[in-house]
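Please look over this structure with me. My notes cover its pockets, its cavity and its nonpolar cores.

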Amino acid sequence: MHQSFLPVLTAVMTFIAAIFNITPDAVPAKGELPHESEPAQVEQRMHDRVDGVDGSVFYISRPRADALTPVYAADFGMSTDSEDNSAAFTAAVSACRSNPGSRLIIPKGKYYFRSESRMELRGLCDTLIDAEGATFVFGTDKYFYIADCDCVEINGLTIEWDYSSSRLGSLVKVRNANADSRTAELVFTEVSDIPEDIPLAAITQYNPQTLTPGAPGSSKECYIYQNPECIKNVEKIEANALRVTHDGSLDFMTDGEVYMLRHYVYGDAVFRVGNSANVTFDGVNIYSAAGMGFVISERTQRFQILNTTIGLAPGREDEYRISATADAVHIADTNGYFRVSGCDFSFMGDDSLNVHDSLICVTERTGANTVKATNAYTLRAGDRVVFCDSDFIDTGFTATVTAADSSSVTFDSLPDGETAGMILYNTSVDSGNYVITDNYFHEQRARGLLLQSSNGLCEGNRFYKTMGEAIKVVSDIKPGLWYEGTGVNNLSIVNNSFERCDLSAWGSVIFLGSDVGGSAAQRTMFSNITVSGNTFAEFPRYSVKIDNCVGGIAVADNTIINSEPLNGSRNRGKIYVGENCSAVTVEGNEWVRSRYSLLSPFLAFKNAEAYYSFLK
């Protein structure tokens, strides 16, 4: 069934638009795209070509293994018999730093790490860390910091958590939940004995049949670490059971429900990358880790994550049901030009991939040209910053940073009047120009992709059983928590498959919109976005929800299938258009007939204003 009613609807709306004197807004032009030629050949480097959105081309350099000098980790004391290989690995890396053009060879085996400090891979050039299938087992959340590097690759490395020291998360089944007494018993289903003082950091509902994140149509969870006082008492009542007394925060629990109880949430990241260029991860596996898999920031540019798995350890899926305890990949305040391809991300405690640049919120003016601000640490002297009001409307005022630390910023000038509450963005960073292709994102908490930067291509990916939205294009300001996303111009979401996504009915499979402290942004945030050639199957609510996205959105030639019964809403499968949306095109989409999907009309509008603005 195609959207044959649209020409009639469009004619009616055109007539209404004429009466109300509605005129289309101009669609912002697309920004300049890279069309690079292959860099000149260098003996120790090869150059991977990346084909991006609208025919753009850029290159990422990586070390060429056959042109590098071998360095053997065993010569520095790395051994599968060692209790802690941190010092030996650091010494081997130091040798590579002193000798650019090195290939560090780590034989296959299991190596333990227990340092309380990160291992720094700093100042490396033309270096390949060739793990040859080696497994690094960590007993602490202090991993790798890659900084000030150029042309570095990590290949064939597996990361695991040392569960003999502590657990990352545990599946628990609820028993004897009592809202009156504010108690619930948590039975640990994977282990026979647990310590009474095991950390309670966050708890998220799982499907009791499949034991995967997100119960159909239900999304119960509590971030205990944000409010630890909500837990009043914990008593061990059996070898594998705790009775928890709370302040009402867990009243949502009912007997028989299954939850993932995370003992860690935001630790460090396994691979933290800063101020580097041409960094490649290829064939890396993260089977269990406290914290995120990758955090890439601090102006890093030209990087790629290829053929990498973040998921449950093969053969031990029933023993440990969490991979990374937070995001798989978090990309922020970089200078872009990156690729994520051929990867498999699942069972994380948070989103698969988040790409954005940070917003800075002024909390207090402390001097003539100095303010206190959130995310001040992301700024550097010389950065050019745009000042917006508290509704994120550009004031027309810009200034240059002269100094910044973790909480305060000094500018060459400040606007007159009150500055507290102003929202700033840094024009000196841009995490745009990226390609996300041929990946499998599945069965993890929260969202699949948060795409909050421009000039992106998201193509040929498979999304399966994401708890919330599979893709969220957003600018998101949550005071006290996060300040992300400066807007998106030019993004293609094409030829992907979405199956059983938005499982817990957060709202839609794909969402485009903004949230500035609980309200929509009052400025153009999104433009030139295409959602085309995708297949949406078996989901509870909207296929695509467009809200406050002024400036050119095309939803075309997609296939929407809902052939199975599901606890969804009357809007199941529809495309939603909200207020302040202009130049929205919806055409050529096909809805497959089914008794389980209410298909007419295919479009849903927030209100009359949304009807009218649909024509713009």
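1. The largest pocket has 41 lining residues. Met292, His330, Leu481, Trp482 and Glu484 lie nearest its centre. A pocket here is an open set of points on a 1 Å grid over the protein atoms alone, where a 1.4 Å probe fits, with protein on both sides within 12 Å along at least five of seven lines; lining residues have an atom within 4 Å of a point. The space in the largest pocket is about 1200 Å³, a volume being the space filled by probe spheres set on points joined across faces, edges and corners.

2. A word on the basis. This is a predicted model, in which local features need pLDDT of at least 70 and side-chain atom pairs count only at pLDDT 80 or more, while totals for chains, interfaces and linings use all residues. Residues are numbered from 1 along each chain as its sequence is written, and side-chain values use heavy atoms, with hydrogens and water left out.

3. Which strand gives the largest share of the lining of the largest pocket? Strand 22 does, with four residues. Strands are DSSP runs of E, at least two residues, and helices are runs of H or I, at least four, numbered from the N terminus. Among the other elements giving two or more residues are strand 19 (269–274) and strand 40 (471–478). By class, this lining has 16 nonpolar, 10 polar and 15 charged residues. Asp, Glu, Lys and Arg count as charged; Ala, Val, Leu, Ile, Met, Phe, Trp, Tyr, Cys and Pro as nonpolar; the others, Gly among them, as polar.

4. The second largest pocket holds about 430 Å³ of space. Of its 19 lining residues, Tyr425, Asp430, Ser454, Thr486 and Gly487 lie nearest the centre. Strand 34 (423–426) and strand 42 (488–494) each give two or more residues. The lining has four nonpolar, 12 polar and three charged residues.

5. A cavity is a set of grid points where the probe fits but cannot get out. One cavity of 30 Å³ or more is counted. The largest cavity has a volume of about 40 Å³. Its lining includes Thr204, Tyr206, Met260 and Arg262. Strand 14 (202–206) and strand 18 (258–262) each supply at least two lining residues.

6. The largest nonpolar core has 111 residues. Such a core joins buried (under 20% relative accessible area, 1.4 Å probe, protein chains only) Ala, Val, Leu, Ile, Met, Phe, Trp, Tyr and Cys residues through side-chain atoms within 4.5 Å. Phe89, Phe136, Phe144 and Phe271 have the most contacts inside the largest core.

Conventions:
Buried means under 20% relative accessible area, exposed over 50%, partly exposed in between (1.4 Å probe, protein chains only).
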